[in-house]
Amino acid sequence: MNVLLADDEPERARDLARLLATDPAINVVRVRAGQLLADAVAAQAPEVVIVDMARPDRDALEAVRQVSSFHPRPIVLFVDEDDPAFMEAAIGAGVSSYNVAGAALSDVKPILRAAVALFRQHQQTRLDLRQSERRLRERIAIERAKAMLIRERRMTEPEAHRLLQRRAMASGQRIAEVADALLRAGDGAKA
Amino acid sequence: MTPIRIGLLRLADSAPLVVAQEWGMFEQLGLEVQLSVEPSWANVADKLAYGLLDAAVLLPPLALALSFGLRGKPTPLLVPMGLSLGGNAVVLARDTAPGVTHPGGDALAAGQALVGWLRAQAEPPRLAVVHALSTHNLLLRHWLARAGGDPDRDLRTVVVPPEQVVEAMRSGRIAGFCAGAPWGDQAQRQGVGRVLLGTSSIWPAHPEKCLAVAASWASAHPQALHALLRGLLRAGVLCGDPQQAARVAALLASVLGLPEAATRQALPGGDGVERIRFGDAAWLARPEDATWFARAMQRWGWLGLQADLAATVGVTYRPGLLASALSDEGLQVASMEASRPF
């Protein structure tokens, strides 16, 4: 079974290609950079196409079910009408899938499942990374705010920390937000 | 109140949504709206189908396809209003078919010349449209067929995203395209192609984009829908005013990243070959126009002949929902005879 993969994110595409290739029955081909998706489909005659939903060219595969001299094996959108939750999960993960008309659901769905799981993993990694970066930024802001208090108001470190905490509780904000506000108010301002 | 999630593409005729959001019309009406700029029509369609979007700027043939269930299970949609008329350009690559022109606005003659050129090529040339189920594709096919051509044989229709058509033409992958503004003017500005004619030459004042709303959302939120329509009416008035076009073009450039000068050309008062019309007659979602699109889809074999057009169009196209919003805004639509393609 030929699976054509259209995904511009190099690491994710590589991971998915590797994952699918563990199945000896599957041959994974990737769309080349700059290649028209429709051309790749014509050249590779895949049974299944996995497309990153962020790609604008997935509309090229929306050709209606028509058999003509140009579309001997029409590709159609994968839809499992009996499993809307799965379809929603796929969209949430950013994966869209197409298959040759008439392909068995049982042949196509496992491939899409694998793609959804992998896209989700990458999505989670990105989220985790963004969260880590945000936490790091917040730690830095808190440390800078404390340093400012120590310097400007001759506080000790525990006093500075307590000031931030008290202010956070009083205003219903998080300590990081209080720290940001203090830093924005600027050096020397008696905020 | 959870925000209303509305999908749109990076096109000049998304203007009413962007204006209503950025210039406070939705806010004035107490609406919280989240615009979702999508890279493809398929994304918009999928998200509407599975409840990740509540509404969208949509192509009428695609809205009908969703209602008819051409992309899986039927997605019940309502089209209470149109958003724009015309605005698409048929563009040929530079140095391509120099004998094919559009003198004196004779679309039939231009079509015949183009068919003649297409048939004279060694292989059917590639012309791009933005989506198979688009006004662009259906109007192009109607035009070529009227001119004696066979749209399935004389050319190879390929789908290229609107923002990629200029590059596809520059690199020689396509001989022509039919796409929405600002891409026709942009191709011409960059010396990559020339605008042969606008789709308004094929069907004067044809409906282009519509507002499509998930039926389930509409029935659960009738007041929000009413406010949404009012906001878009206000935005439509502004978008339709040539005096505002420069501001609108700047806004679209900033929010959607569109090329400003080319966008300006396609807005009211601009000097593009083809211009978008907003407001007034554009607001009418006419069931007879929807029927034209549905019949065209049947003609090309995309929609079964046994499909019940009247029933599906009747339940989808709901111009009556606009009536109270129009009167609340103190607006009227001058009655206009429905136009038809030539």
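In what order do the 5 strands of the open sheet in chain B run? The order is β2-β1-β3-β11-β4, with mixed pairing. Before going on: this is a predicted model, where local features need pLDDT of at least 70 and side-chain atom pairs count only at pLDDT 80 or more, while totals for chains, interfaces and linings use all residues. Residues are numbered from 1 along each chain as its sequence is written, chains are lettered from A and ligands numbered from 1 in the order written, and side-chain values use heavy atoms, without hydrogens and water.

On terms, helices (H or I, at least four residues) and strands (E, at least two) are DSSP runs, numbered from the N terminus. Two strands pair if DSSP finds at least two bridges between them.

At the edges of the sheet stand β2 (33–37) and β4 (77–82) of chain B; each has a single partner strand, so one side of each lacks a neighbour in the sheet. Neighbouring strands are turned by 25° against each other on average, direction ignored; axes are lines fitted to C-alpha atoms, for helices over the stretch in contact, and angles run from 0 to 180 degrees between N-to-C directions.

Within the sheet, β3 (55–58) and β11 (210–214) of chain B run antiparallel, joined by 4 bridges. B:Ala56 has B:Ala212 of β11(B) opposite.

Now the cysteines. The whole structure has 0 disulfides, a disulfide being a pair of cysteine sulfur atoms within 2.5 Å. For B:Cys178, the nearest cysteine sulfur is that of B:Cys210, 17 Å away. B:Cys178 is buried, at 1% relative accessible area; buried means under 20%, exposed over 50%, partly exposed in between, with a 1.4 Å probe and protein chains only.
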